[in-house]
Amino acid sequence: MTIVLNPPAPAGRPARARMGKPAIAALGTLALALGTLQTVVDPARPLLERELGVDTAAAALIASTLLITGAIVAPIAGKLGDRYGGKRVLLVLMALVSAGGLLSSLAPNLPVLLIGQTLQGAMVGALPLSFILVRKNFPTGQTQVAIGVVSALFTAGGIVGTLVAGPLAEGLSWHWIFAAPTIVIVAATAVVLRLMPNDPPSQEGTRIDWPGVALLSATLVALMLGLLVVTGGGVPPLAVGGIVLVVALLAVAWVAVERRAISPMVELRMLAAPAMWSAAVLTVAVAAVSAMLQTFVPKLFQVSGDGYGLGLGTTDIGLLMMPASIAGVLAGSVGGLAVQRYGARAVATTGAVATAGILVALAALHDTAWQLVVARALAAFVGGLITTALLAATATAVAAKDTGIATSLLVVIRLIGAVAGGQVAGSILDAGNGPASGAPAESAFVAGFLVAALVAALSLFVVRHLKKEVQS
């Protein structure tokens with residue numbers, strides 16, 4: 001069945017309805033609650049295993065389901081937001097997320113919980129939709145700052161989720177780790193509905209490219225599932241080759257369909273533009289480096305080897321990792337200001353050089369807790385600056401009608417980079433396991449930090465392609 005958009009709007013461009021402070025506060029609160037709902041599962045996973053009577057592999061499906069759904073929904077939501085208006089699509093998405101949160105909070109068993117998490121995965125599409133609203137309702141000079149604030153609040157929600165999951169699950173029940181954030185999401189959505197200006201749909205009276213949507217979704221599902229399977233380990237080389245072949249064939253089929261579509265899901269010319277593909281490559285690099293550090297540093301806190309490692313417990317590790325989480329939030333808050341003042345290219349260049357330097361220093365100095373804490377916090381701050389710079393640059397470098405699809409692709413690419421980085425880090429540590437202790441040797445950590453530094457340094461080759469221009 002073909003869906004036709006509304007008739008084209010009048011030729012004259014309507015005056016922008018400015019977003020007031022209460023509206024941006026509601027949007028920020030929504031981002032905070034969504035970030036909380038996204039991260040409450042990880043700290044509570046052991047408790048969920050016990051309460052639901054499932055093993056570790058089954059419990060891992062909870063987080064994996066949300067990631068896979070998010071990878072599918074984000075570009076679709078971004079494209080629909082570009083066409084029909086960010087506010088309209090955001091409200092539909094929040095209805096799905098709220099239903100998913102309610103279902104998860106009432107779930108009697110794992111299958112029902114997985115259905116709820118599938119619906120909740122739609123939350124990943126909220127970021128590009130928020131960027132559409134910001135782009136349409138803020139003056140050009142303030143767009144980058146507002147994007148940084150929304151991104152920072154989503155990241156801050158991740159910290160809140162990590163902190164409140166335990167007290168909610170132990171003090172009340174595990175059902176409340178889903179119910180409490182969902183209540184906030186429903187309330188914030190109601191405020192957004194009331195206060196957020198209506199953004200007009202696209203003036204292009206064209207049809208949705210459903211074959212392109214289906215093939216892009218299939219490609220992303222195959223890619224995410226492939227990464228998750230390979231990450232689990234024990235996959236023979238022939239199977240890995242088969243996964244790569246399937247993803248490649250789907251991607252080629254998608255490109256072929258998009259080239260012939262009258263109104264493609266994604267403009268291939270936009271993807272080929274230096275500003276877009278360079279931002280995509282840098283996003284993968286930043287996400288991969290962050291995931292590698294998220295693997296190496298906690299492991300160094302945990303292990304106790306001959307002259308390396310600290311032998312700490314889970315609670316102590318969580319506290320020592322908290323400065324990095326806070327640094328990431330602060331970076332998102334000031335990242336937009338940095339982009340506004342110095343430009344995305346300067347921020348990304350400085351950040352890549354600083355990240356490489358931090359990682360080289362970490363390869364040499366990792367004997368004490370304070371060294372690891374400081375280095376991880378600095379790397380998180382710099383990584384947050386680069387991520388915000390890339391989102392802000394992309395949101396303002398493409399045409400306004402492509403804001404949603406462009407930023408949503410970066411959100412998905414960041415997920416892919418994080419999974420890939422985690423896999424590389426795990427492989428490095430596994431290869432360095434000592435035959436007697438079973439723990440990674442110190443040389444494995446040193447090699448891992450240097451590999452991450454190399455990734456950061458190589459990203460400098462594409463920074464120069466970031467554009468300074470802003471489209472209207």
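Modeller: Here it is. Among contacts in the protein chain with a separation of 6 or more, 82% are between residues 24 or more positions apart. This is a predicted model.

Biologist: What is the mean pLDDT of the protein chain?

Modeller: The mean is 76, and 81% of the residues reach 70 or more. Over residues 1–16 the pLDDT is below 50, and that stretch has 27 contacts in the model beyond near neighbours in sequence. Residues 468–472 also have a pLDDT below 50. For residues 468–472 the model has 13 contacts beyond near neighbours in sequence.

Biologist: How many helices and how many strands in the secondary structure?

Modeller: The protein chain has 18 helices and zero strands.

Biologist: And what share of the residues count as buried?

Modeller: Of the 472 residues, 50% count as buried. The chain exposes about 20300 Å², and 69% of that is supplied by carbon and sulfur atoms.

Biologist: Which residues form a nonpolar patch on the surface?

Modeller: L172, W176 and I183 form one, with about 320 Å² of accessible area together. I183 belongs to helix α8, residues 176–195.

Biologist: Why is I183 called exposed?

Modeller: Because its relative accessible area is 53%, and exposed means over 50%.

Biologist: Now A169. Which helix, and is it buried or exposed?

Modeller: A169 lies in helix α7, residues 140–171. A169 counts as buried, at 8% relative accessibility.

Biologist: What is A169 in contact with, leaving aside neighbours within four places in sequence?

Modeller: L47, W174 and I177. A169 can also be placed relative to V40: the two are 129 residues apart in sequence, and their C-alpha atoms are 9.7 Å apart in space.

Biologist: Changing topic. How many aromatic pairs does a search of the whole structure find?

Modeller: One. The pair is F296 with F449, and the ring centres are 5.6 Å apart.

Biologist: Why is that pair edge-to-face?

Modeller: Because the ring planes of F296 and F449 are at 75°, and planes over 60 degrees apart count as edge-to-face.

Biologist: Are they buried or exposed?

Modeller: F296 is buried, with a relative accessible area of 0%. F449 also counts as buried, at 0% relative accessibility.

Biologist: What about T355, where is it and what does it touch?

Modeller: T355 lies in helix α14, residues 344–364. Not counting residues up to four places away in sequence, T355 touches V289, V382, I386 and A456. T355 is buried, with a relative accessible area of 8%.

Biologist: Last one, L268. Which helix is that?

Modeller: Helix α11, residues 268–272. L268 is partly exposed, because its relative accessible area of 23% falls between the 20% limit for buried and the 50% limit for exposed.

Biologist: Which residues is L268 in contact with, leaving aside neighbours within four places in sequence?

Modeller: W254, V255, E258 and R259. For E258, 10 residues from L268 along the chain, the C-alpha separation is 7.3 Å.

Technical notes
Residues numbered from 1 in each chain as written. Predicted model: local features only at pLDDT ≥ 70, side-chain atom pairs only at ≥ 80, totals over all residues. Heavy atoms only, no water. pLDDT = per-residue confidence, 0-100. Contact = heavy atoms within 4.5 Å. Patch = residues over 30% accessible without salt bridge, like charges linked within 9 Å, V, L, I, M, F, W, Y side chains within 5 Å. Areas by Shrake-Rupley, 256 points an atom, 1.4 Å probe, with all protein chains shown as cover. Salt bridge = Lys/Arg side-chain N within 4 Å of Asp/Glu carboxyl O. Helix = DSSP H or I, 4+ residues; strand = E, 2+ residues; numbered from the N terminus. Buried < 20%, exposed > 50% of the residue type's maximum accessible area, 1.4 Å probe, protein only. Phe/Tyr/Trp six-rings, centres within 6.5 Å; stacked < 30°, edge-to-face > 60°.
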